[in-house]
Amino acid sequence: MTDTLYSIFDSHAHYDAEQFNDDRDEILTSLPKKGVVGIVNMGTDIDTCLQTIALTEKYDYLYGAAGIHPECAKDLPANWLTQLRTFLKHDKIKAVGEIGLDYHWLELCPKETQKEVLTAQLALANELDYPVVLHDREAHGDMMDFLREYRPKGVVHCFSGSVEMAREVIKLGLYIGLDGPVTFKNARHSVEVAKDIPLERLLLETDAPYMSPEPLRGKRNDSANIRYIGERIAEIRGVSPEVIFNATTENTKRLFGID
Ligand SMILES: [Zn+2]
């Protein structure tokens, strides 16, 4: 690793998370000095959508997405979709997200409810012509069915599928988001995906405070650590890290309509 300052755009983070309660402002003030030119913060329920909006108003370089995460899709207020529409009118809210399917934590929300909430949000995104940020954990088959049916524009974040699935996602016009796991010693699928997909469809992300890359695995994550992810992908593809960072920054701006 070098001390080169890369142009880092973190396409997926959760700075509203309680893990940042003690030093959120300190971190968000320091990141631009470490090369971070942009962040897209995710809403996961009504409350974190409001927190995301507040963060976008405080930090110029921070943008947001508003959506209901599958883990939060149970017992929603009756007017949740109306509230979401209001959030999406904010000029720094650039996508519907984080939305999707999570079959790992079914006790948090049953499959049928997850699907209903995802359906409503995909329809809303298409109606308003917004990109979506998709979470897919252990739900690849159903996720692909949704993508084929709704044909959203957007990104499958923290991509964990096979190369074949990645190719189909790209054929459908979407982007692939890669994060910490691509640096793990036992990584297999994500390394193959990082090597195979066209560079113009790759986004880098942290999922901070989660998913820290090697050599920081297990610690709290932040957007500056994307350097490890980009450097690893550069190594996998046999190009210089600058090529990866410049392309993924452009890709993120293009997808989310950020100048
Ligand atoms: Zn996330």
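How far is the sulfur of Cys49 from the closest cysteine sulfur, and which residue holds that sulfur? The distance is 9.5 Å, and the partner is Cys72. That is too far for a bond. This structure is a predicted model.

## Cysteines without bonds

A disulfide is a covalent bond between the sulfur atoms of two cysteines. A search of the whole structure finds zero disulfides. The cut-off is 2.5 Å between the two sulfur atoms. Cys109 is in no disulfide either. For Cys109, the nearest cysteine sulfur is again that of Cys72, 9.0 Å away.

Where do these residues sit? Cys49 is buried, with a relative accessible area of 1%. Cys109 is buried too, and its relative accessible area is 1%.

## The zinc site

Four residues coordinate the zinc ion. They are His12 and His14, each through NE2, Glu98 through OE, and Asp207 through OD. The distances run from 2.1 to 2.4 Å.

What is the geometry of the site? It is irregular. The angles among the four donor atoms range from 85 to 175°. A tetrahedral site would need all angles between 85 and 135 degrees.

## Along the chain

The zinc donors follow the spacing H-x1-H-x83-E-x108-D. Take the pair His14 and Asp207, which links distant parts of the chain. His14 lies in the loop between strand S1 (8-13) and helix H1 (24-30). Asp207 lies in the loop between strand S8 (202-204) and helix H8 (226-237). The two are 193 residues apart. Both His14 and Asp207 are buried.

Note on methods: Residues are numbered from 1 along each chain as its sequence is written. This is a predicted model: local features need pLDDT of at least 70, side-chain atom pairs count only at pLDDT 80 or more; totals for chains, interfaces and linings use all residues. Side-chain values use heavy atoms; hydrogens and water are left out. Donors are N, O and S atoms within 2.8 Å of the metal (3.2 Å for Na, K and Ca); water is not among the atoms, so sites may look incomplete. Four donors count as tetrahedral if all angles lie between 85 and 135 degrees; four count as square planar and six as octahedral if opposite donors are over 155 degrees apart and all others between 65 and 115; anything else is irregular. Helices (H or I, at least four residues) and strands (E, at least two) are DSSP runs, numbered from the N terminus. Buried means under 20% relative accessible area, exposed over 50%, partly exposed in between (1.4 Å probe, protein chains only).
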